[in-house]
Amino acid sequence: MNFAVGLKPLLAEARSMESLEKQLICPICLEMFTKPVVILPCQHNLCRKCANDVFQASNPLWQSRGSSAVPSGGRFRCPSCRHEVVLDRHGVYGLQRNLLVENIIDIYKQESARPLHAKAEQHLMCEEHEDERINIYCLRCEAPTCSLCKVFGAHKDCEVAPLPAVYQRQKVGGPGGAGEGPGGCPPSRPSRPSRPVPSRPVLSQSELSDGIAMLVAGNDRIQAIITQMEEICRTIEENGRRQKQHLGLRFDSLYSILEERKKELLQSIAREQETKVQRVRGLIRQYGDHLEASSKLVESAIQAMEEPQMAVYLQHSKELLKKITDMSKVSMSSRPEPGYENMDHFSINVDYVAEMLRTIEFQTEPLGEDEADGPGDGSEAAGDEDRLDSLEVPEAVEDVGPRQKPASSPHGQH
């Protein structure tokens, strides 16, 4: 196209307004200056209220303006440059107002309140002829342009019509004409004879309205799709949270089964351990009693041999000899069998169980309603327990008693 529909000027104005707004920001409240605006000796500006807040914070003992006593001046530092500001007895009310900044604020607010289209209409200038306003419409190219483009530029061989007339036909649907626009305005260059607007169809208001309606309907459909997809996202998150909870419950049930089975197996080991230890300790006590009796008999025999009186010696020797003979006949052959202390039969093989646990995967078939809601009555946990019950120790675990040969002597049964 050969024109700019106010874009560059509008952007430049927006940037200048934004830059101006940055200059009108109070460094204390970070908002636009609120009147009255005071100027500090360092030439920085503050809202009087903000300046008073800073002054009161720096001089907490300074009396208010309405106090009956005559306070002395105070001081505070400029928040922008840290320059020390010394005040008289009037405090911040003694600072000079910056009327220039206040007037700029008023002008800025007036400019900001103006509608955007009013500003844009003042800047509809031709791109090729920057000082020429866009005031005609090229019917062949279907584009607004300026009079110089029609006389000297790219549209000199095109058929044109006054911009207001085309606007009137397109927006309002009126007949329009070359000699007058809405309100009978003459064309921008009265020296050239105007021609009536030809009957070539131009985008009508109904077509534009239909296009807008189509866009609005499409936007509504897209918004409905977005809402539906957002609901899908929320459902996915809720389903994921619920399945994570269910998965945790399943594994917790497996943990409890393993712990229970571990407890049972440990109890089996402990029972056989206690049985074996008690039997061996019984034999230790039996051998200890025999050793103690034998030691006493040896002492008695030694004392009898040292007896100087023959009658006493002969009186006790026969009985002593009988005790020695009986003691020597006592059989102490009852001992634990070789390997009795071995507990290796309590070893278990969990490799296949570990492999089975590693193959746990999600079910490809959809769960039933009861299964999907949670563990339910514990049937699945019971199934897990049945599978893990196969983790058995060898037969010796079930028969907790010691696996030893029968005692070779009745003395070994104590």
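These questions and answers walk through a few sites of a predicted model.

Me: Is Ser 147 buried or exposed?
Reply: Ser 147 sits in helix 5, residues 147–151. Buried means under 20% relative accessible area. Ser 147 has a relative accessible area of 4%, so the call for Ser 147 is buried.

Me: Which side chain does the side chain of Ser 147 make a polar contact with?
Reply: A polar contact needs a pair of N or O atoms within 3.5 Å. The Ser 147 side chain has such a contact at 3.2 Å. The partner is the side chain of Asn 135.

Me: Where does Glu 130 lie, and is Glu 130 buried or exposed?
Reply: Glu 130 belongs to a negative surface patch, together with Glu 127, Glu 128 and Asp 131. Its place is the loop between strand 7 (125–126) and strand 8 (136–138). Exposed means over 50% relative accessible area. Glu 130 has 64%, so Glu 130 is exposed.

Me: Which helix gives the largest share of the nonpolar patch?
Reply: This surface patch covers about 720 Å², and its residues include Leu 247, Phe 251, Met 356 and Phe 362. Helix 7 (205–305) and helix 9 (351–358) each supply at least two of its residues. The largest share is four residues, and it comes from helix 7.

Me: What is the relative accessible area of Tyr 255?
Reply: Tyr 255 is one of the nonpolar patch residues. Tyr 255 lies in helix 7. Tyr 255 is partly exposed because its relative accessible area is 46%.

Terms used. Residues numbered from 1 in each chain as written. Predicted model: local features only at pLDDT ≥ 70, side-chain atom pairs only at ≥ 80, totals over all residues. Heavy atoms only, no water. Buried < 20%, exposed > 50% of the residue type's maximum accessible area, 1.4 Å probe, protein only. Polar contact = N/O pair within 3.5 Å; in protein donor to acceptor, adjacent residues only side chain to side chain. Patch = residues over 30% accessible without salt bridge, like charges linked within 9 Å, V, L, I, M, F, W, Y side chains within 5 Å. Areas by Shrake-Rupley, 256 points an atom, 1.4 Å probe, with all protein chains shown as cover. Salt bridge = Lys/Arg side-chain N within 4 Å of Asp/Glu carboxyl O. Lys, Arg positive; Asp, Glu negative; His and termini not counted. Charge placed at Lys NZ, Arg CZ, Asp CG, Glu CD.
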